[in-house]
Amino acid sequence: MQPSPALPSRLRRAIGVPARAEAAGAVRLAGLALLAGLALGPAARLRAADGAFRVETAVYGADDAEHPVARSLTLFKDGVAWDFLETLDDEGRPLAAEPAEIILHDPARERIVLVDPARNVKTRIDRLRLERLRSSLAAWARKSDDALLRWAGGPDFAGSVVAEEATADAVVLAGPRVRYEVRHEPAPGEGAAGEYQRFADTALLVKALVHPGGLPPFARIAINGRVAAMDAIPVSVRLSIDPRLGRIAGWPSVSRSEHRALASWTESDHRRVATAGEELSLAEDVDLASYAGTAVASDTDSGTVRR
């Protein structure tokens, strides 16, 4: 089994992966955390008769407002989401012909499956492990001496909403040295907002599990809940962090993502899912640490488990 390729520095800066998590698959799951909850244009309100919809996402680094550093296509149908992550070069062109990673979200079966097509390996994460991580990470953050970490641990972010900047299509959340600005629009059909929220929340927890060391995800999860309650999905997310803190923690001062939601699949989407299903069935099962090639968070405390 070949090791995962190192994370391109341009993408690492954009998604805020600490230097110690740069190697071995950080490109996939750290990118996923930013990709969750974004779009490139207006969402069609009428959902397809089969309940399918798709969300295209682009992630931009603080140092490049023109070319995205990664793209994602997420396909939703029958309560299941297939996520395809594509990494890009400095000109916004794909680095490989196949996705960098495919992730299957299947809430009904309580499973998340990560597939690396290039290495022909896969790993599984069960929901219970994520829920344990959620509880332990929140408890750890709330006991921190750092004001930002205590704030990021939640659980109540109602007092952090910037009411004077809130509009019918935007939510602004501000904490110590950090600010989230999220624009949203109506979801592409009945039930789509809830499906997207479950996917986005899970993506954030998966990133926290596989690549610990970033800002706890609970503020973003709270925003996802607010947006879903309005029967909407995000179309853009901007995270701004005090540049002084960013330099110390190795995080970008600004990260931006955009999305486009459409209310049906294309023919190529159906072929893509069929191919992904074949790749999933043929890929070798490995444990999570081997898949990620780096330290992963324990589901019982805030530390890490190393290979």
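Colleague: Which residues touch the most other members of the largest nonpolar core?

Modeller: In this predicted model, the largest nonpolar core has 37 residues, and those touching the most other members are Ile112, Ile125, Leu130, Trp151, Leu173, Val178 and Tyr180.

Colleague: Which helix gives the most to this core?

Modeller: Helix 5 does, with six residues. There is also a second, separate core of 15 residues, which includes Val80, Val113, Trp265 and Val273.

Colleague: How many residues of helix 5 are buried?

Modeller: Of its 19 residues, 16 are buried, so helix 5 is largely enclosed by the rest of the structure.

Colleague: And what does helix 5 span, end to end?

Modeller: Helix 5 covers residues 192–210 and reaches 27 Å from its first C-alpha to its last, close to the 27 Å expected at 1.5 Å a residue.

Colleague: Back to Val178. What is it in contact with, leaving aside neighbours within four places in sequence?

Modeller: Val178 is in contact with Leu148, Trp151, Leu173, Leu215, Leu239, Ser240 and Ile241.

Colleague: A change of topic: where is His184 found?

Modeller: His184 is in strand 9, which runs over residues 178–186.

Colleague: Is His184 buried or exposed?

Modeller: His184 is buried, because its relative accessible area is 6%, and the cut-off for buried is under 20%.

Colleague: Which backbone atom lies 3.4 Å from a polar atom of its side chain?

Modeller: That is the backbone nitrogen of Ala170. Not counting residues up to four places away in sequence, His184 touches Ala170 and others, including Ala168, Asp169, Val171, Met230 and Pro234.

Terms used
Residues numbered from 1 in each chain as written. Predicted model: local features only at pLDDT ≥ 70, side-chain atom pairs only at ≥ 80, totals over all residues. Heavy atoms only, no water. Helix = DSSP H or I, 4+ residues; strand = E, 2+ residues; numbered from the N terminus. Buried < 20%, exposed > 50% of the residue type's maximum accessible area, 1.4 Å probe, protein only. Polar contact = N/O pair within 3.5 Å; in protein donor to acceptor, adjacent residues only side chain to side chain. Contact = heavy atoms within 4.5 Å. Expected span 1.5 Å × (residues − 1). Core = buried A, V, L, I, M, F, W, Y, C linked by side-chain atoms within 4.5 Å.
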